[in-house]
Amino acid sequence: YITGNARLIWTGANDRYTVTGWVQNVTDERVNEYATYGEDTVGAIYPYGVMVPPRTWGVELQYRFGAP
C-alpha cells in the first residue's frame, strides 16, 4: 500500500496572509504503521500493532501583524 501526505500553501502579495490546506493519508488506506508480537502473563503469544489514522484534512489561516 502507498500512503502519503499533501500540503498546499498560498501567500498573499503583501506577505500578510497565508492560507495552508493539508491532507494526511491521502489514499485513506487502512494499514499498520507497525506490527509485532507480544506475550501475556501466561505465555500466550499474540499479534498487535498500530493502525495509520484515517484520512484527515485541515486548513490553517495566518495573519501577520506589523508586516510591511
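Mentor: Let us begin with Y17, which is called partly exposed because its relative accessible area is 43%, and the class of partly exposed lies between buried, under 20% relative accessible area, and exposed, over 50% (1.4 Å probe, protein chains only). Y17 is found in strand β2, where a strand is a DSSP run of E of at least two residues, numbered from the N terminus. Keep in mind that this is a predicted model, in which local features need pLDDT of at least 70, side-chain atom pairs count only at pLDDT 80 or more, and totals for chains, interfaces and linings use all residues. Residues are numbered from 1 along each chain as its sequence is written, and side-chain values use heavy atoms, with hydrogens and water left out.

Trainee: What makes the nonpolar surface patch, and which residues belong to it?

Mentor: The patch of about 1000 Å² is made by W10, Y17, V19, W57, V59, L61, Y63 and F65. The elements that give two or more residues to the patch are β2 (17-24) and β5 (56-63), and β5 gives the most, with four residues.

Trainee: Why is T18 called buried?

Mentor: T18 has a relative accessible area of 5%, and it is therefore called buried. T18 is also found in strand β2, and it touches I9, W10, T11, E60, L61, Q62 and R64, not counting residues up to four places away in sequence, where contact means heavy atoms within 4.5 Å. With R64 there is a polar contact between the two side chains at 2.9 Å, the term being kept for a pair of N or O atoms within 3.5 Å, of which, within protein, one must be able to donate a hydrogen and the other to accept it, while residues adjacent in sequence count only if both atoms are side-chain atoms.

Trainee: How do you know that R7 and E60 form a salt bridge?

Mentor: The definition asks for a side-chain nitrogen of Lys or Arg within 4 Å of a carboxyl oxygen of Asp or Glu, and the side chains of R7 and E60 meet it at 3.8 Å, N to O. The pair links distant parts of the chain, with R7 in strand β1 (residues 6-11) and E60 in strand β5, 53 residues apart. By this rule the count comes to one salt bridge.

Trainee: What are the exposure classes of R7 and E60?

Mentor: R7 is exposed, because its relative accessible area is 52%, whereas E60, at 32%, counts as partly exposed. E60 also makes a side-chain polar contact with W22 at 3.5 Å. Leaving aside neighbours within four places in sequence, E60 is in contact with R7, T18, V19, T20 and W22.

Trainee: Why is β1 said to lie largely in the open, and how does β1 pair with β2?

Mentor: Of the six residues of β1, the number buried is zero, so β1 lies largely in the open. Two strands pair if DSSP finds at least two bridges between them, and β1 and β2 pair in the antiparallel sense over six bridges. In β2, V23 is the bridge partner of A6. The two strands form a hairpin with five residues between them, and D15 in the turn has a positive phi of about 60°.

Notes: Patches are made of residues with over 30% relative accessible area and no salt bridge: like charges are joined within 9 Å, nonpolar side chains (Val, Leu, Ile, Met, Phe, Trp, Tyr) within 5 Å. Accessible areas come from the Shrake-Rupley method with a 1.4 Å probe; for residues, only the protein chains shown count as cover.
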